[in-house]
Amino acid sequence: MKLRLLKVAIFLVCLVPLARLGLKGLHGELGANPIEVITHSTGDWTMILLLATLSITPLRMLTRQYWIIGVRRMLGLFAFFYGCLHFTTYIWLDKFFDVHAMLQDIAKRKFITVGFLGFVLLIPLAVTSTAGWIRRLGGKRWLALHRLIYVTAIAGVIHYIWLVKADLRKPLQYALVLGVLLAYRLVVHLAGKGNRKKVPTPTPQRVGVSEV
Amino acid sequence: MLIKKGGEIPSSEITPKRLFFSRRTFLAGMATAGAAALTELGLRDLAKPAMTAQANAKIDGIQKSSFSTTETITPYKDVTNYNNYYEFSTDKYEPAGLAKNFKTRPWTLTIDGLVKNKKTLDVDSILKLSAPEERIYRHRCVEGWSIVVPWVGFSLSTLLKQVEPLGKAKFIKFTSLADAGQMPGLRAPVLHWPYVEGLRLDEANHPLSLLGFGMYGEVMPNQDGAPLRLVLPWKYGFKSAKAIVKITFTDNQPVNSWNESAPSEYGFYSNVNPNVDHPRWSQATERRLGEFRKRPTLMFNGYGEQVASLYNGMDLKKNF
């Protein structure tokens, strides 16, 4: 019941950024350069939701509220959702489906290359996010695959750092949060090695498909 | 020097108002997935740009200029709410609010360096040097967006004549105000303050180079660089320094702020050039604010006929 309520709340909160963009767009309030606003906003929310997804593990261990793992899948899928919107903004509103220009961009512009890489790596994670896929892959292999989210999050931060003109403050805030989240895992991993304890692997029940 | 008149824009280039607004409507609608269900008519009413009621003083006796383009002028609201003005903020939507109480009087401009008569002039005496002209120029930001602005000012050369440069003077350094009390952006070490820009003497004396003090027939809004700014339509926007307090004639090429910050990305010349990409993004196209699709960027921002001769024999890929 607790989980169900939390999931509904998170689901609604995750839709707020999109709803805000929609409403503002409808009222012509997206400013002088609406496409830029849409690009930045969807990019920001992709990063925020990636970091939120990555904070679930430390949060549940530190608070001993192990049940909150149940919201991780939804957060991850919302990160992918905003990533898709961000990517769509690029291919449609920025490049107008000019495949040649996009390929050139991906090859030539480091920040596009790394952003594209981060996005592409999220696709298999979104596809295999169901309980069925955990069963099919087996917990260990599934877990190994889903470690790709670390690469995506790092790629996202680098994408942002490489694209700003001079003001690095915002991308560095993301970098700092990501650094803390990754450092936590490293510490746990090293401590675990010392204790020779087996790392628990997720079971379909624990990661479970949402009931919502 | 033979000066060609402002390039006439073929009427096919001008965005018809109807199309311009329907693009806005489309943009507005596109933002919401569900908006497709709404009628065109309803959307159009909702998307009407809000009127801005700013009590800016009108400038009297403005003369027309043959350098003006006939392209659709970007709405006042956009040009005054979307400003790259790092002394206030690196967020383009913030200078409009943060510069509200910026003091543009009293204001003096010092002209020094390699000149016969060093001078410190009051801004109001500068404004009396010549009749104000309206120059409707294209303005292209290095970030890939552009606007069309009806600036008010007069040729920079009118001011520069006042001080009789020495023969050794080859360049001019422009220094913007850096007043931490008024400009919150200065707290961040994003660039070395004060902001400095530079031009070759012949570039500064080119008839297109404008000393701007107004736009849309009114006194320049603070967020757009009041009380005095440069307007150099064939160069990327950052060359057109705002809130100028000092002009120094030098014999060596000044280091401009963006060049100092990232020498491989921003050169001294920074002429608009679709063939020389910014190392991190293409400069081949630009988004004109208010338009949906990007448009191709023109060499020297379309002012090649007038300014290309300034760079004869220069490798523009090297001197970017």
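In the predicted model, the contact between the chains takes 21 residues from chain A and 24 residues from chain B, where two residues are in contact if their C-beta atoms, placed from the backbone, lie within 7 Å. On the side of chain A that touches chain B, at least two residues each come from helix H1 (2–26), helix H2 (34–63) and helix H8 (148–163) of chain A. H1(A) gives the most to this side, with four residues. Helices (H or I, at least four residues) and strands (E, at least two) are DSSP runs, numbered from the N terminus. By class, the side of chain A that touches chain B holds 12 nonpolar, six polar and three charged residues; Ala, Val, Leu, Ile, Met, Phe, Trp, Tyr, Cys and Pro count as nonpolar, Asp, Glu, Lys and Arg as charged, and the others, Gly among them, as polar.

This is a predicted model, in which local features need pLDDT of at least 70 and side-chain atom pairs count only at pLDDT 80 or more, while totals for chains, interfaces and linings use all residues. Residues are numbered from 1 along each chain as its sequence is written, and chains are lettered from A and ligands numbered from 1 in the order in which they are written.

Within chain A, the axes of H2(A) and helix H3 (residues 72–94) come within 8 Å and cross at roughly 155°. Axes are lines fitted to C-alpha atoms, for helices over the stretch in contact, and angles run from 0 to 180 degrees between N-to-C directions. The crossing angle makes H2(A) roughly antiparallel to H3(A), a term used for angles over 145 degrees. Residues of H2(A) that meet H3(A) include A:Ile35, A:Trp45 and A:Ile56; among those of H3(A) that meet H2(A) are A:Arg72, A:Tyr82 and A:Leu93. The contact of H2(A) with H3(A) has 13 nonpolar, nine polar and one charged residues.

In chain B, five strands form an open sheet with the order E3-E2-E11-E6-E7 and mixed pairing; two strands pair if DSSP finds at least two bridges between them. Strand E3 (119–122) and strand E7 (196–200) of chain B are the edge strands, each pairing on one side only. From one strand to the next, the twist averages 20°.

Strand E2 (residues 108–113) of chain B pairs with strand E11 (residues 244–250) of chain B in the parallel sense over four bridges, and B:Gly113 stands opposite B:Phe249 in E11(B). E2(B) and E3(B) run antiparallel and are joined by four bridges, with B:Leu109 opposite B:Leu121 in E3(B). These two strands form a hairpin with five residues between them.

Key. Parallel < 35°, antiparallel > 145°, perpendicular 65-115°, else oblique.
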